Amino acid sequence: MRFDIVSVFPRWVASVAEWGVTGRAREQGRLSLHCWDPRDYTHDRHRTVDDRPYGGGPGMVMKAEPLRQAIQAARGADPRPARVLYMSPQGRVLDQEAVRRLAQTERLILLAGRYEGIDERLIQLEVDEEWSIGDYVLSGGELAAMVMVDACARLLPGVLGDAESAAQDSFSEGLLDCPHYTRPEMYAGRAVPQVLLSGDHGRIARWRRQQALGRTWERRPDLLDGMQLSEADRRLLED
Ligand code: ADE
């Protein structure tokens, strides 16, 4: 999967593919990341990418033309068609199901804005989708673009080994994750739940499912709305 990110902080956004799972995905050739700085498409001495808003008010607005040229340079760098995603708090809120669908795309161009926003005409002309990573405001779209790259990269075939498989993720079945434990068996006076030491894989699987269901019911009941629980799940939840 190829990502092109348009941002005034290209080295920062590129760092998302330097370490960890995303770094490995890039080394394996399953992920590639290319950054485009709109300042490279300006023609004044100060490499200006923003200007005052029409109508007045505080803050600055990103100019359309440098962004448009950066997007077009990104489009032209690979023959495959690309959708342009603008990261913004006005967008649709990202969830695991949306990530799953986006991760099936061969290439995406992510647009990270700064300041108060970007000229609306650039959005009309170049942007296909607008995505938010949550109902809070960041100082720019860079972290949101990095979140998007990370969430997609770990779902690409072969990136996670069997042991860390995305199928085991919290949210893979729409539930929160169960608790996890590792050695030692007793830590700060707290024991590992006995069932996890039993070696009985059926009982362990049922316990984990019950924990996941219980936590979801307690912490995020909204996730259970509209979910069809099996009879077995219903019983686990009642126990
Ligand atoms: N840019 C600023 N805040 C954002 C958010 N919550 N999601 C995506 N992009 C953003």
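Helices (H or I, at least four residues) and strands (E, at least two) are DSSP runs, numbered from the N terminus. Good morning. The structure I present is a predicted model, in which local features need pLDDT of at least 70, side-chain atom pairs count only at pLDDT 80 or more, and totals for chains, interfaces and linings use all residues. Residues are numbered from 1 along each chain as its sequence is written.

I begin with D135, which sits in the loop between β7 (129-132) and α6 (142-153). A residue is exposed if 12 or fewer other C-beta atoms, placed from the backbone, lie within 10 Å of its own, buried if 20 or more do, and partly exposed in between. D135 counts as exposed because it has 7 C-beta neighbours inside 10 Å. V137 belongs to the loop between β7 and α6, and V137 is exposed, with 9 other C-beta atoms within 10 Å.

Which residues does UniProt list for "binding site"? Its unreviewed entry gives G113, I133, G134, D135, Y136, V137 and L138; such annotations may be inferred rather than shown by experiment.

I turn to the ligand. The residues around it, each with its C-beta atom, placed from the backbone, within 6 Å, include M87, S88, P89, Y136 and V137. Strand β5 (residues 83-93) provides the largest share of this shell, three residues.
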